[in-house]
Amino acid sequence: MKAIWNGEVLAESNDTVVVENNHYFPPASLRRQFFKDSATTTVCPWKGTASYYDVDVNGKVNKDAAWLYPEPKSAAANIAGHVAFWKGVEVKA
């Protein structure tokens, strides 16, 4: 699977975890130069507190376009630290 935005591959892995139709990419698959920490957090009742990244490609920023659960609840332990995408980021095989 690949996550692509603004012409760049943000993450690529054959080992994503699918939860609620979202592919969660393992941390080592990220091209870290495109990710900037965001102060945004949200809470999911069964997964826990999500943190976000802004995606920055060639000076164009997609705010909070990636999220992860750094310390998920036990029901979502399989996605700890894995990153998923939205806001126009294309995820495809």
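Analyst: Strands are DSSP runs of E, at least two residues long, numbered from the N terminus, and two strands pair if DSSP finds at least two bridges between them. The model is predicted: local features need pLDDT of at least 70, side-chain atom pairs count only at pLDDT 80 or more, and totals for chains, interfaces and linings use all residues. Residues are numbered from 1 along each chain as its sequence is written, and side-chain values use heavy atoms, leaving out hydrogens and water.

Strand β1 (residues 2-5) runs antiparallel to strand β2 (residues 8-12), and four bridges join them. Within this pair, K2 stands opposite E12 of β2. The two strands form a hairpin with two residues between them, and N6 in the turn has a positive phi of about 55 degrees.

Strands β6 (residues 48-57) and β7 (residues 60-68) are joined by six bridges, and V55 stands opposite N62 in β7.

A nonpolar core is a set of buried Ala, Val, Leu, Ile, Met, Phe, Trp, Tyr and Cys residues joined through side-chain atoms within 4.5 Å; buried means under 20% relative accessible area (1.4 Å probe, protein chains only). The largest such core has 17 residues, and L10, F35, V55 and F85 have the most contacts inside it. At least two of its residues come from each of β1, β2, β6, β7 and β8. Another core, of 11 residues, lies apart from it and includes C44, Y52, W67 and A84.

Methods. Buried means under 20% relative accessible area, exposed over 50%, partly exposed in between (1.4 Å probe, protein chains only).
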